[in-house]
Amino acid sequence: MSSRKLVSVQEITNIEPIEGADRIEVARVLGWRVVVGKDMGLKPGDRVAYFETDSLLPAYDPRYKSFQARGQKTMMVGAKEITGHVLRTMKLRGVYSQGLIMRLDELGFRYTPPAGTDITMEANVLKYEEPLPMGGMQAGRFDAPCSKSDAPRLQTLTDHWDEIKTLKATPTVKVDGTSTTLSMDERGHVHVYSRNWELDPMSANMRLAKRFQLDKMLWPGMAVQFELCGPGIQSNRLKLPAQRPFIFAVWKNHRKIDRDQWPTGMPNLAVPQLDEHEWALTGSVDDMIAKVDGLRGNVTKDRLDEGIVWHLHEDQRLSEGLADELGANRCFKIINNKYLTKNGL
């Protein structure tokens, strides 16, 4: 999958009531539950525009005028500053709501595209990115020998759930920080990246990587991806005493390699690995989401964890559809709903 479908055409699979609520109900789309107004008159089988969380609805677009009073954030897109409302996980009447549903005609569609159609561009929506940490100086575009690190959520993979349950996967804790990639080119030069950008060699990300000697663990054609966490980063939600990297992926010549093949030293800096039997992929998608809800204590004692990422073992053949959804990362995640709502994410 080359990019995340922030807005797509999806079919409503079910409408559920909310106890004690007269004006709202829950619509099911893929594996997501979204609180909607009863006055929308939605019913199973309707095709709608579904917006994923992290979508920024630009303030200058009149279609999203009514959302701006709920709060706004600003981010830089190239040299341009964009302000808008960012969709986050909410809890209404005891029900988690993730994303947004709009009627297609509200977005200006005069026809109904097939379910699954990516309409992010037509919806004029961007993925919101937190500002780079202090010292994150841009030097160029991302061109590391690996994929970017944005794994899909399980809720988008419901059509592939039966296949996923037959696969071997290593569960690891998702750690909340600034995603950073360190790579070595064929000439032995080390580069550092964050999100869509290569950073200046003097950036804080590079200084931290060198402090932990990650640059010395690489060889040409290799990349290591980690979350940079600690004081001064993402509000330090895990209350770590000092900045440190948590490695979650290692690549060799554009191929993600299993943890038992990582260079010496890297496993000591890895994100915590969870028990494969305890976190086996079983039951329904809803069962797994509920099991992750409230996960805590795997990074910092008594603190909520952000969630779990399952990394598929590389020696397995995937169906074409699942392989396309996961891309070269070959992983997916479930985010802890309690963590999201506690931190306004």
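Analyst: A residue counts as buried when its relative accessible area is under 20%, as exposed when it is over 50%, and as partly exposed in between, using a 1.4 Å probe and protein chains only. This is a predicted model, in which local features need pLDDT of at least 70 and side-chain atom pairs count only at pLDDT 80 or more, while totals for chains, interfaces and linings use all residues. Residues are numbered from 1 along each chain as its sequence is written, and side-chain values use heavy atoms, with hydrogens and water left out.

User: Is Cys229 buried or exposed, if I apply those cut-offs?

Analyst: Cys229 has a relative accessibility of 1%, so it counts as buried. Cys146, at 9% relative accessibility, is buried as well.

User: How many disulfides does a search of the whole structure find?

Analyst: A disulfide is a pair of cysteine sulfur atoms within 2.5 Å. The search of the whole structure finds zero of them. Cys146 takes part in no disulfide, and its nearest cysteine sulfur, which belongs to Cys331, is 12 Å away.

User: How should I read a sheet, and what is the order of the strands in the open sheet of four?

Analyst: Strands of a sheet pair through backbone hydrogen bonds, either parallel or antiparallel. Helices (H or I, at least four residues) and strands (E, at least two) are DSSP runs numbered from the N terminus, and two strands pair if DSSP finds at least two bridges between them. Here the open sheet has the order β6-β7-β5-β11, and its pairing is antiparallel. Its edge strands, which each pair on one side only, are β6 (73–77) and β11 (126–127). If you follow β6 to β7, you find five bridges joining these antiparallel strands, and Met75 has Ile82, in β7, as its bridge partner.

User: How many salt bridges does the structure hold?

Analyst: Side chains of opposite charge can pair when their charged atoms come close. A salt bridge is a side-chain nitrogen of Lys or Arg within 4 Å of a carboxyl oxygen of Asp or Glu. By that rule the structure holds 14 salt bridges. One of them joins Asp286 to Arg28, with the closest N and O atoms 3.1 Å apart. Because Asp286 sits in helix α5 (residues 285–292) and Arg28 in strand β2 (residues 24–29), this pair ties together parts that are 258 residues apart in sequence. Asp286 is partly exposed at 34% relative accessibility, whereas Arg28, with a relative accessible area of 12%, is buried. Both residues belong to a network of salt bridges that links Glu16, Arg28, Arg33 and Asp286.

User: Which parts does the salt bridge between Asp54 and Arg88 tie together?

Analyst: The side chains of Asp54 and Arg88 meet at 2.7 Å, N to O. Asp54 lies in the loop between β4 (47–51) and β5 (55–58), and Arg88 in the loop between β7 and β8, so the pair connects parts that are 34 residues apart in sequence. Asp54 is buried at 16% relative accessibility, and Arg88 is buried with a relative accessible area of 15%.

User: How far apart are the closest N and O atoms of Arg255 and Glu314?

Analyst: In this salt bridge they are 2.4 Å apart. Arg255 lies in strand β19 (residues 255–257) and Glu314 in the loop between β20 (307–312) and α6 (320–326), so parts that are 59 residues apart in sequence are tied together. Arg255 has a relative accessible area of 40% and is partly exposed, and Glu314, at 24% relative accessibility, is also partly exposed.
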